[in-house]
Amino acid sequence: MGSSVRKRTDGSETIPRPSRPQQILLFALLINATGSGLYVASAPVYLTREAGLSDYQAGLGFTIGSGIALALMAHFGYICDRVGAKRTYILSCLFYAVGMVAFANIHGMLEFTLVATATGITSGTSSVARPALVRQMSEGNLRWFGLRNRVVNNFGMGLGAIGAIAALKVDNRFAFQVIYLANAASFVICAAIVMLAVKAASAMVVARPVSRKWVAIRDRQFIRGTVLNGIIALQYPLLTFAMPLWAINTIGAPPWVSSGYVLLNTACIVVIQSRLSRGIKSLLSAGKAMRRSGLIFTVNVILVGMAPLLPSAVAAVILVLSVIVHSVGESLHAAASQEVYYGMATNESQAEYAGVFWIGQGLALTIGPTLLAFTCLGMGTPGWLLLAAVFLLTGILSPRILMAGAGRPVEADESGNSAGEPAADTSVTTKAKTLFDTAPEGINP
């Protein structure tokens with residue numbers, strides 16, 4: 001069953017319509033993202049106000065737990081390629097649900113570190129399976145389906161942020177426990193729906209043996225792109241960890257600002273993501289998009305760092321505007337990073353490539369809270385300016401780094417289309433007929 005298409009009003013190009021399996025999968029991801037939005041938008045405040053942790057302890061706990069998971073990411077990818085991403089994903093969802101129940105009952109640093117480690121491992125495992133499923137179920141329209149996946153994810157995160165605002169307004173432990181138990185339930189429901197999606201697409205989701213190991217780690221061009229993406233990915237804990245705590249601690253913003261930032265961010269991305277992603281269809285365009293995102297984050301970080309030096313009312317407006325600016329940079333970065341992964345990963349070792357790619361971004365999520373706690377939150381404005389310099393330098397170097405891999409050989413699928421070039425039969429988001437019609441089964445929380 002393939003995606004149907006419809007013409008734009010000017011007749012210049014066709015736009016795929018999601019098939020039934022794709023619709024089921026996107027619905028599962030929407031439920032998953034809504035639960036994750038509840039967690040992401042409230043976790044920093046919950047840990048520092050209800051679980052008895054300081055900013056530094058919260059950041060350190062995330063770092064320890066995620067660091068252990070990152071050390072195993074390449075192994076997760078290889079295993080996923082061998083046993084099938086569907087099974088890997090479903091099990092990780094169920095274990096993650098258990099972890100969220102435990103997260104709702106944290107009372108100290110030791111408990112938090114143990115829970116962060118368990119959830120980090122399960123989240124990392126699902127992170128290598130999800131791209132494999134998206135690729136398999138793209139039905140020849142990989143860029144389009146990847147973009148649709150991101151839009152649905154951000155919309156769900158926004159819905160979750162709305163629920164988190166309610167808990168933050170109530171501001172007691174029971175309210176936080178309710179939303180984390182809801183998050184746990186979302187993972188269980190998502191796993192069940194994913195089984196329906198893959199079953200509906202069973203004709204094209206077939207297991208494939210893997211003969212080689214550590215292919216992605218030996219791919220130097222891919223590693224360079226992974227490192228580059230990992231540095232820019234510091235923007236994620238910047239929005240969800242440093243910016244809300246900075247607003248609360250320096251200008252006296254209310255606790256629910258954490259959810260408000262996530263809600264505004266996701267709303268902006270849902271509106272602008274498609275438009276900003278249209279022209280990013282090669283490593284060259286990905287490098288240019290990464291450069292623009294680095295420059296945008298540079299400006300944004302300077303705005304945030306200077307806010308406390310301004311009158312409170314002006315600072316509050318600046319911090320709201322900074323979320324909008326951040327959203328533009330995040331949209332460009334997300335589209336560019338997808339092109340780096342999908343443009344370089346091979347047919348045979350797709351989940352292993354996802355695992356290695358996630359190490360770069362995962363390191364940012366792992367060390368990011370601790371790094372930002374010591375620099376931005378600890379040093380104040382000088383720390384924010386230091387972070388701005390990192391984004392500026394990385395953005396400037398991005399095109400040259402990614403173009404080093406532009407001449408890499410590409411793997412052709414059975415129809416003769418190459419992995420790195422769009423198919424000739426459509427001018428929209430087609431990345432050649434999907435390479436993964438014969439790849440392992442599967443999908444990430």
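A: Start with helices H6 and H14, whose crossing is right-handed. A crossing has that hand if the near helix is turned clockwise from the far one by less than a right angle, and it is left-handed if the turn is anticlockwise. Helices are DSSP runs of type H or I with at least four residues, numbered from the N terminus. This is a predicted model, where local features need pLDDT of at least 70 and side-chain atom pairs count only at pLDDT 80 or more, while totals for chains, interfaces and linings use all residues. Residues are numbered from 1 along each chain as its sequence is written, and side-chain values use heavy atoms, with hydrogens and water left out.

Now the geometry. Two packed helices are described by the angle between their axes and the distance between the axes. The axes are lines fitted to C-alpha atoms over the stretch in contact, and angles run from 0 to 180 degrees between N-to-C directions. H6 and H14 pack at about 130 degrees, and their axes are 8 Å apart. H6 is therefore oblique to H14. Under 35 degrees counts as roughly parallel, over 145 as roughly antiparallel, 65 to 115 as roughly perpendicular, and the rest as oblique.

Which residues touch? Contact means heavy atoms within 4.5 Å. H6 brings Gly124, Ser127, Val128, Pro131, Ala132, Arg135 and Gln136. H14 answers with Gln350, Ala351, Ala354, Gly355 and Trp358.

Next, H10 and H12. Their angle is about 10 degrees, with the axes 12 Å apart. The two are therefore roughly parallel to each other. Their crossing is left-handed. Gln235, Leu238, Met243 and Trp246 of H10 make the contact with Phe297, Asn300, Val301, Val304 and Gly305 of H12.

Stay with Asn300, which is found in H12. At 0% relative accessibility, Asn300 counts as buried. Buried means under 20% relative accessible area, exposed means over 50%, and partly exposed is in between (1.4 Å probe, protein chains only). Leaving aside neighbours within four places in sequence, Asn300 is in contact with Leu238, Met243, Ser322, Val323, Val325 and His326.

H10 and H12 also meet another helix. The buried residues of H9 pack against H10 (235-251), H12 (283-306), H13 (312-344), H14 (350-379) and H15 (381-403). Those buried residues are Phe222, Gly225, Thr226, Leu228, Asn229, Gly230 and Ile232. H9 covers residues 220-232 and has 13 residues. From first C-alpha to last, H9 reaches 19 Å, close to the 18 Å expected at 1.5 Å a residue. The expected span is 1.5 Å times one less than the number of residues.

Rings of Phe, Tyr and Trp (its six-membered ring) pair if their centres lie within 6.5 Å; planes under 30 degrees apart are stacked, over 60 edge-to-face, and the rest tilted. The whole structure holds 15 aromatic pairs. In one of them, Tyr46 and Phe176 are tilted, at 5.4 Å centre to centre and 45 degrees between the planes. Tyr46 lies in H2 (residues 43-49) and Phe176 in H8 (residues 173-200), so this pair ties together parts 130 residues apart in sequence. Tyr46 and Phe176 are both buried. Phe62 and Phe112 form an edge-to-face pair, 5.0 Å centre to centre, with 90 degrees between the planes. Phe62 sits in H3 (residues 55-70) and Phe112 in H6 (residues 109-136), 50 residues apart. Phe62 and Phe112 are also buried. One aromatic cluster takes in Tyr39, Tyr46, Phe62, Phe103, Phe112, Phe176 and Tyr180.
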